[in-house]
Amino acid sequence: MNVNLDGRILQGVDFLHKVGVNFKAEDLAFFVDKNEILYKKPIEGIKSEVVPTELGIKMKTVIEPGVKIDYPIALCFGNFNYGDRHVNEQELIVGEGAQVKIYTFALIGPGQSLNRKDLVTVRLGKKAKVELYDIHYHDITSDINFYAELNAYLEEGAYFYNLLKVTDQKSGKFKTKFYGELGPKAVAIVEAKMKATAGDDVVVEDIMRLVGEGSRGLSKSRIIALDGAKAEFKGEAYGEAPNSRCHIDCAEVVKGENVVLKNIPILVSTNDTAKLTHEASIGKIDRKQLETLMAKGLTEEEATDVVVQGMLR
Amino acid sequence: MGALLEVRNLKYKTEEDKEILKGVNLDVKKGEIHVILGPNGAGKSTLANLIAGSGGYEKPSEGEIIFDGKNINGKPLHERARLGLTIAFQEPARFEGITVEEYLKLSARNNPSADIEACLRKVGLEPKEYLKRFLDDSLSGGERKRIELASIMCMKPKLAILDEIDSGIDFVSIDEIGNLFKTMREEGTTLLVITHRENLALIADRASLMCNGTIVETGDPERVIRKFEKECLICEVHNPELVKGLKQ
């Protein structure tokens with residue numbers, strides 16, 4: 001495809017390559033700089049409407065029933081007007097039996113300041129399948145104030161997977177909230193992998209409402225908090241339907257001093273056949289893991305890095 | 001063959017002044033398979049940790065540990081590993097996000113000639129099935145231990161301490177473990193095997209019997225096993241229930 005690409009897209013793609021993501025500019029389906037749509041590629045089976053707003057964009061995407069897209073769709077959101085407030089509103093409607101895998105990238109370069117809010121709603125029809133990867137790169141010198149809200153509504157037998165990954169350099173002030181409403185036999189898996197460095201304040205909140213019989217939820221978070229960081233995880237599961245299951249699993253690992261961590265699981269069952277479980281840990285890296293690696297000749301520092309990189313992978 | 005490891009009058013007391021090791025003397029010769037046999041609570045794992053520098057046991061209360069001619073008392077675990085002394089723990093750790101291949105490559109980082117696929121095959125695991133798997137809870141206890149043995153083969157240390165390596169592992173027979181240990185020895189690794197199972201001592205060149213914080217016998221494995229069966233299995237200290245039953 002011969003596309004006349006804006007310099008900002010090339011800059012964004014160059015950034016992606018630097019952090020190890022090998023999408024080509026031509027592979028991107030959508031690129032927006034705050035409220036300016038730089039590039040939008042038509043994809044068969046997908047109807048997309050994008051409206052610029054004062055502070056960002058409002059986007060509605062519909063994937064028609066039965067449409068199966070067998071390659072990942074990449075959406076890229078940047079903001080080259082540093083420091084501006086930025087709001088993205090997105091609605092994704094996935095028809096019965098449709099399947100799609102979407103990558104969204106948020107790129108915040110050196111010295112950039114970002115004040116952004118993402119409000120995303122995903123509606124999955126019967127047996128629809130969506131994988132949504134939300135990957136952030138925040139340069140260590142950037143100033144981040146980010147709020148991301150993702151609401152997912154799953155009809156019978158639908159499958160939803162979401163990964164939020166902010167592991168490259170810093171998170172900044174980052175609050176993310178997931179709300180999932182799971183119909184009969186629907187499955188939702190939500191993962192967050194975050195790295196919080198000095199001055200960062202990370203809040204991850206997952207809420208799973210199991211309203212359909214036999215629905216399944218998994219909320220899994222891995223947060224590494226370095227010197228002077230704050231991190232909080234709150235996981236809530238509501239077992240309202242017969243034979244529904246949900247597991248909340250959060251590990252917050254400390255490396256350094258003056259770290260503040262909170263971990264709050266809430267399990268509420270209103271149906272006696274629902275089963276809700278949680279597993280939470282806060283603390284330093286397991287000594288046995290370090291020693292198993294140190295017995296191979298790695299220093300404690302090297303062993304710590306291996307364990308941390310593995311957890312955030 | 002000279003001693004690769006010399007343990008001299010090794011004593012260890014806990015902070016509560018409980019004496020765990022009461023003057024252990026032990027020589028492990030270069031190229032041998034040496035089994036330390038003893039009941040639970042005899043002090044075997046404390047001795048293994050003091051030799052390796054693991055589990056917070058870097059320094060004994062008294063005594064010396066000489067490895068390859070160097071006094072290694074007080075040296076941290078990773079420095080001992082770099083000298084060629086390693087330990088395979090009774091329960092090796094599991095790791096999220098680290099594949100078997102990456103773990104074996106880390107183990108082999110000072111042994112560029114290591115063939116990680118061959119090491120996996122030697123412990124009975126097919127590389128195609130295992131290299132890309134994560135070293136996490138998806139592996140059984142036996143698989144994890146086999147991978148630990150493969151990692152030691154990749155590392156090719158001078159001395160490997162194998163702490164209760166046979167527990168929880170689904171080896172077909174004692175011969176399979178014996179052959180594996182012999183392969184490791186042929187590749188240049190001396191083995192110090194810690195166990196409470198007397199049949200494992202049969203594969204040793206020499207064995208030592210440990211009881212109540214000391215080595216009470218060293219030498220021919222069959223003789224050590226006989227002493228273990230005769231004295232340790234009916235010891236009131238380590239098997240009080242059994243002895244009580246026998247008396248009744």
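Modeller: Because the model is predicted, local features need pLDDT of at least 70 and side-chain atom pairs count only at pLDDT 80 or more, while totals for chains, interfaces and linings use all residues. Residues are numbered from 1 along each chain as its sequence is written, and chains are lettered from A in the order in which they are written.

Colleague: Why is H2(A) called mostly covered?

Modeller: A residue is buried if 20 or more other C-beta atoms, placed from the backbone, lie within 10 Å of its own, and six of the eight residues of H2(A), residues 287-294, are buried, so the helix is called mostly covered. Among the buried residues are Leu290(A) and Leu293(A).

Colleague: What makes Gln289(A), Leu290(A), Leu293(A) and Met294(A) part of a contact with H3(A)?

Modeller: Two residues are in contact if their C-beta atoms, placed from the backbone, lie within 7 Å, and these four meet residues of H3(A) including Ala303(A) and Val307(A). The axes of H2(A) and H3(A), lines fitted to C-alpha atoms over the stretch in contact, come within 9 Å and cross at roughly 115°.

Colleague: Which helices of chain B do the buried residues of H2(A) pack against?

Modeller: They pack against H2 and H3 of chain B, together with H3(A).

Colleague: How many residues of chain B are in contact with chain A?

Modeller: There are 20, in contact with 17 residues of chain A, and H2(B) gives the most to that side of chain B, with four residues.

Conventions:
Helices (H or I, at least four residues) and strands (E, at least two) are DSSP runs, numbered from the N terminus. A residue is buried if 20 or more other C-beta atoms lie within 10 Å of its own, exposed if 12 or fewer, and partly exposed in between; C-beta atoms are placed from the backbone. Axes are lines fitted to C-alpha atoms, for helices over the stretch in contact, and angles run from 0 to 180 degrees between N-to-C directions.
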